[in-house]
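Please read it with the structure open.

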Amino acid sequence: MPLLKLGTRGSLLALAQAEEAKRLLAAAHPELRAEDAIEIVVIKTTGDRVLDRPLAEIGGKGLFVKEIEEALGDGRIDAAVHSMKDVPTWLPDGYAIAVILEREDPRDAFFSLHGASLADLPRGARVGSASLRRQSQIRHARPDLEVVNFRGNVQSRLRKLEEGQVDATLLALAGLKRLGREDLLQAVLPVEEMLPAAGQGAIGLECRQGDSRTLEYVRSIDHAETSIRVNAERACLDVLEGSCRTPIAALAELSGDELRLRALVAEPDGSALNRAERSGPADQAVEIGREVGHELREAAGEAFFEALKDLF
């Protein structure tokens, strides 16, 4: 009987993330090194089953965590392994993100037969992306491009690109690296051109708050610097009441004890884009995140957020 059960989605990337958590836990605890000490439990989520519609139309990114949280709640698993960019800022009572693993590169990778950046695309080119964050930044930078909804895993999106269904697409660089497919990489977009999603590239483990046995195991693999960065980004997201229905991007970086947070909120059509940036002591990460969130909220105006509610 396993000592620990980790719940995850069944995609290749999700399984790679769960294996990474399993490897770190085994390295930290000798009793977890036996072959059957940690079981990875695959849970199908609504977000995985419905692929023909944008996430915003079917309920948002929370659909990638809801069924896994249910398994956590009824004891089928002890911890849920999530991509932090998919985790809502609000969690059900009794649950918490207990640890965050060391972050991979949070930038976006760019794929196209026409060049290495958005600037290289010909006028009217079609860019495939299901992310409102990416769509709004693409439309803001290149209003002449056509942006189309484009969901699916790494392999299916690159196949569609090869078939000519689109002229370009974007993927999270962290996903390619975790899948061991850096050989596919064509170009990486600088964050000045494409600011990533809050939490992008980071893996979090969600646990029951009262489960002291599991918490004792998982807290040993927390990566403090990543937690500080992601906490700042999620604090900003929380003020903005962010979800996949809101084009929001945020990236915190650490230099010694100094934290720098850059964030933006945009109109879905890219017609307006507000940016904010703030630096300060790393031990005030959450406060910095909230300050940036309030600055963006004031800049965009409440009418902006009310209008988004009417779009979906």
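**Charged residues in brief**

R278 counts as partly exposed, because its relative accessibility is 28%. The model is predicted. It holds 24 salt bridges. Side chains of opposite charge can pair when their charged atoms come close.

- E291 and R278 form a salt bridge, with their closest N and O atoms 3.1 Å apart. The pair links distant parts of the chain, 13 residues apart: E291 sits in helix α10 and R278 in strand β13 (residues 273-281).
- E291 has 37% relative accessibility, so this residue counts as partly exposed.
- R290 forms a salt bridge with D238, and here the closest N and O atoms are 3.5 Å apart. R290 belongs to helix α10 (residues 285-300) and D238 to helix α9 (residues 224-239), so the bridge ties together parts that are 52 residues apart in sequence.
- R290 counts as partly exposed because its relative accessibility is 35%. D238 is also partly exposed, with a relative accessible area of 36%.

**Another pair and a network**

- E163 and R159 meet through their side chains in a salt bridge of 3.1 Å, N to O.
- E163 is partly exposed at 48% relative accessibility. R159 is partly exposed at 40%.
- A network of salt bridges links D78, R208, D211 and R213.

**A negative surface patch**

- Which residues form the negative surface patch? They are D257, E258, D283 and E287.
- D257 lies in the loop between β11 (248-255) and β12 (258-266).
- Is D257 buried or exposed? D257 counts as exposed, because its relative accessibility of 68% is over the 50% cut-off.

**R157, a buried arginine**

- R157 is part of helix α6, which spans residues 154-162.
- Its relative accessibility is 17%. Buried means under 20%, so R157 counts as buried.
- What is R157 in contact with, leaving aside its neighbours within four places in sequence? The contacts are R134, F150, R151, G152, T169, L170 and L171.
- R157 and I68 are 25 Å apart in space, C-alpha to C-alpha, and 89 residues apart in sequence.

Conventions. Residues numbered from 1 in each chain as written. Predicted model: local features only at pLDDT ≥ 70, side-chain atom pairs only at ≥ 80, totals over all residues. Heavy atoms only, no water. Patch = residues over 30% accessible without salt bridge, like charges linked within 9 Å, V, L, I, M, F, W, Y side chains within 5 Å. Areas by Shrake-Rupley, 256 points an atom, 1.4 Å probe, with all protein chains shown as cover. Salt bridge = Lys/Arg side-chain N within 4 Å of Asp/Glu carboxyl O. Lys, Arg positive; Asp, Glu negative; His and termini not counted. Charge placed at Lys NZ, Arg CZ, Asp CG, Glu CD. Helix = DSSP H or I, 4+ residues; strand = E, 2+ residues; numbered from the N terminus. Buried < 20%, exposed > 50% of the residue type's maximum accessible area, 1.4 Å probe, protein only. Contact = heavy atoms within 4.5 Å.
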